[in-house]
Each structure stands twice: as structure tokens, then as C-alpha cells.
Number of protein chains: 2
Amino acid sequence: MRDLSRDNRFLSINTATLRRERSLAEVVPALAAAGIPGIGPWREQIQSAGVKAAARLIGDHGLAVSGVSRAGVFTSHGRTGLQQVLDDNRRAVDEAAGIGARCLVLIGGGLTPGSRDIADARALFAEGLAALLPYARSANLPLAIEPLHPMYAADRACINTLAQANDLCEALGPGVGVVVDVYHTWWDPNLEREIARAGAKRILAFHLSDWLVPTTDLLVDRGMMGDGVIDLKRIRGWVEAAGFEGLCEVEIFSQRNWWQRPMEEVLATCVERYRTVC
Amino acid sequence: MRDLSRDNRFLSINTATLRRERSLAEVVPALAAAGIPGIGPWREQIQSAGVKAAARLIGDHGLAVSGVSRAGVFTSHGRTGLQQVLDDNRRAVDEAAGIGARCLVLIGGGLTPGSRDIADARALFAEGLAALLPYARSANLPLAIEPLHPMYAADRACINTLAQANDLCEALGPGVGVVVDVYHTWWDPNLEREIARAGAKRILAFHLSDWLVPTTDLLVDRGMMGDGVIDLKRIRGWVEAAGFEGLCEVEIFSQRNWWQRPMEEVLATCVERYRTVC
């Protein structure tokens, strides 16, 4: 396992950790000032800045882009709305490729509107992914399927386990991989096996946060690493045993705690926890 | 599939649907008055009434006991506290057997105190279950492992999928089975397969409620059947295709809605939804 304690070499911050409404013009210099070499921006931020300006800003500060959040959601407008969603996903590919991202993060999307058929939602996600893949390949931009916690199956993401994501990758071949996010996957009895199955080529991103006890909100009550119950070092060990050598991206949605604090304090805490408990 | 629309023959109500603090003396006559033939009481209620009095009350009203909630939780006091928890579980077996229950419902228990090791919690659950089983067998009382939703993995239940429960059943042999609860399992990509694997002998109980969108609380915001997004008929179809012929037990924890309503209204709604959307 890599030694994280001595420097920030493998650290990246997903900008949602600092509240999503912050601009890249605020966040990028702050990361650089904190000695953090990686960033995981959201599409809205790239769009606000403009792709070229975002790329220049990020490049000028020497940051690597561990991934762009997020696309996919192929189920959101049902089968008849898939083309519209695909158009938006192609724009997402352009944005991610335009800023030199390691990957574009895709989530499943929930049930299609008015439906209770999760198998159908999963089939539609697979269809959308297959349709997007040639475009992403031609842009040389890897697509990274992020399984989200089963508590999001209804309204956000019908892809809920790493096994599902691996199955999709196997069916589709090169150009598509996975995100391993400890928050979404820590409970999974098959996690170690599926991380090994994914392997170095397929694990495109590794996301860090923690599961708080109690958790008071399904969406925006994630914990800072070390404040919860996830065995972070063990999971990182599995990911690195599989050959992953990329950045560790901190992604914390925290309405009641970290989103209330100054950005510098949040970043300093991320650095400290990354070095000590991850 | 059985036709539920014509009568209440296969309906049972878990008493938590009517708020846990109600006594059996209140609930049992209300169920009988509503023409509901089954009850799933909680241990606290049996203890408050006394086992013999509870058995008499339930028998006098002609109710079947689809299951007793709940025991297990072998992880709650760590490995050193297992004997204490086993003692309590043996009392639960006595209580459930004493009122003629179809099964005793066991949940996993969360991480052991101070631990982040979910694999260890799972091992401890298996140990506790194996230790309890001879006692339950001698009481002729089936133990029913209920996998709970992964959002409860940290603090309530380390058994989160039907596959885990089936693995435990296979390892331990007769006397132990599973609960299929739609709320906890509907998202599982392997649900159909694991229900078939469980089969008629192992499926000891089937629990109904619904997943609301949005869900505003992790514990006490379950929906009435039909108010959420779970494909109830499809899952019941799988359960019955596996050979299940038991009662359908409605279990709804609903702080903001159903717990606020008169018992008679809740029961009437359960009956109506059971007949129309389940």
C-alpha cells in the first residue's frame, strides 16, 4: 500500500466537498494554495467558467483532474427521452475531455418517470451507456460507472453494486470502467471480490468520505474521513492490491457540518485526515 | 399467484405499523374486528402482556402469528458480550414459541461497539446464530434471518442481502430460514435469483410496505403499499413462485404519516391496499 502520510501526492478534492455553488475561480487557487494536486469538478462549474477557461485555470495551477461529476442518468426521461439525455452526455464528454479529466463519472439514474420497474431502468442505463461509448472512445475519455448506495436506487441511481458495474464493463469492452466510492460500497459483502475483479485497468477513480452514525439525511450527511465507521485503509488496500495508482478523491456532501465551514478549514482537515486515517 | 383481492385470508399486520407502544390488548381485538387473520407482534408487547396471557389473547381472537420481531443482533455487545445476547435470544425463542409464532425474526446487529470491521460483525452474527440454533430447534421454533437494507449496515444490521442470509441457511441446515421484506430488498439486482434459491422451505415470512420518493428519514419513513415505487406484485410473484404460501405481513414504520392516524384508519387502508396493489 502507498504511504499517504508524508505528502499530498495522491490527493484530490471533489468540489462538492466545498459546496457545489462555489466557482472554479475560487476553488482552484485554494486547492493549489493548500498543496493539493488534484480536483474533481462538477459540470456546472466547468460550464460556468467555460471549458477553455476552466482548462487554462486548472492547468495554470498544475492540478490533475481525477474525474468530472457527473453524467449518465440515462433513465431520467424514460426510453423516449434517451436521445436527449445522450446529447447531454456527449456534451459532458466534451467538457471532461476539454479539461483533460481522467474520466467522466456516470451514475445510473433512478426509475424512469412513473415506473416501478427497476430491471427496466437498469436495461435502459445499459442501452444509454452502449450508445454513449463510441463517442467517448473517439474523444479518448474513459467513462466511469459509479455504483451508488442502494438507498438511491429509486430516485438517483439504479446501478447499486460494483458487481453490476463490472458486468456492464465486461459486456462493453474498453473505454468504460468503474468508480469505487467507499460511501456507496463499504457495506457490500462482495466488495473485496468485485474490486479485485475490476482490476487496475477498470478502476478509474477512488472516492473517500465516511459513513456517520447516526446518518440524519440520505443525501447530504456524509462524514469526513475518520468521523464515521468505514474501514478506509482496508478498502484502499483492496483497491491498491488490484493495481490502482490514481488519486484519492475526497467527496463529502455535508449540509450540516462541512458545508458550513470556511473552505480553508475544510481543505486543511481533508489533508490531515487523508494523511492519518485513509 | 394467489388472488388477494377477494378476502384477507393471507394478511397479517406487524404491530409496529400501528406504533410500537400500543399494547396487544388494544391491537389484537382491532385486528380481529377488521377481519385480519394474522399478527406480527414485537417482543416488548409480549413481555408486557406476559407470554401466557398474550397467547390466550391471540388465540381467543383466532389470529395466526406470522412472526415475532425481533431478536438476533448478536453483535451488539461485541464478542465478549455474546453470551449475554444469546441468553436474551433464548428468551425470545421462548416468547415466540409460547405464542405459537411461525418464526422468530432475527436481524444482524450493526458493527460491534467501537469497531469498523463489518466482516467481523458478520462472522459474529454467524457465530451467534449457530449457537442459538440448537435451542430453537428443540423448541421447534424456526429462526428467520431478515436482511435489512444496506443503509442499516453500520448501526442495525450487518446482514444486508438475501444472498448472505441464504449462505447462512445453507451452512447451518434445518431450523433457520429467511424473511423477504420488500422494503429492504427491492433494490437488489439478485433478488429474484435469491428468492428462488431460498425456496418454499426457507422463506418463513414475507413483509410488505413501500419505498417513498423522497424518503425523509432512514428509519421511520416507510410508505403504505402503493404509495411508493416498489413493484410489490412482481416480488410477491417471485416469492409465491418459490412456493411460499404464508401470510403477507404489513410492516410500516411511519412517524410522519401512519403513526399519526387512528388505528382503524390504518388497518382499513392496509386491507384496501393489500387487496388492490399487492
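Guide: One term before we start: helices here are DSSP runs of at least four residues, numbered from the N terminus. And keep in mind that this is a predicted model.
Visitor: OK, pocket then. Which helices supply at least two residues each to the lining of the largest pocket?
Guide: From chain A, H5 and H6 (162–172) do, and from chain B, H6 (162–172) and H8 (191–202). H6(A) gives the most, with four residues.
Visitor: What's the volume of that pocket?
Guide: About 410 Å³. There are 24 lining residues, and the closest to the centre are A:Thr161, A:Ala163, A:Asn190, B:Pro189 and B:Asn190.
Visitor: And the lining by class?
Guide: Nine nonpolar, six polar and nine charged residues.
Visitor: Switching to the interface: how much do chain A and chain B bury between them?
Guide: About 2400 Å², with 66% of that on carbon and sulfur atoms. On the chain A side, A:Arg116, A:Trp187 and A:Leu218 supply 25% of the area buried against chain B, more than any other three residues.
Visitor: How many residues does the contact take from each chain?
Guide: 30 from chain A and 30 from chain B.
Visitor: How many salt bridges across it?
Guide: Two. In a salt bridge between the chains, the side chain of A:Asp117 meets that of B:Arg234 at 3.2 Å, N to O.
Visitor: Which helix of chain A gives the most to the side touching chain B?
Guide: H5 (residues 118–138), with three residues. That side of chain A divides into 15 nonpolar, seven polar and eight charged residues.

Methods: Residues numbered from 1 in each chain as written. Chains lettered and ligands numbered in written order. Predicted model: local features only at pLDDT ≥ 70, side-chain atom pairs only at ≥ 80, totals over all residues. Heavy atoms only, no water. Contact = heavy atoms within 4.5 Å. Buried area = accessible area lost by both parts, 1.4 Å probe. Salt bridge = Lys/Arg side-chain N within 4 Å of Asp/Glu carboxyl O. Nonpolar A, V, L, I, M, F, W, Y, C, P; charged D, E, K, R; others polar. 1 Å grid on protein atoms, 1.4 Å probe; cavity = no way out; pocket = protein on both sides within 12 Å on 5 of 7 lines; lining within 4 Å. Points joined across faces, edges and corners; volume = space filled by probe spheres on them.
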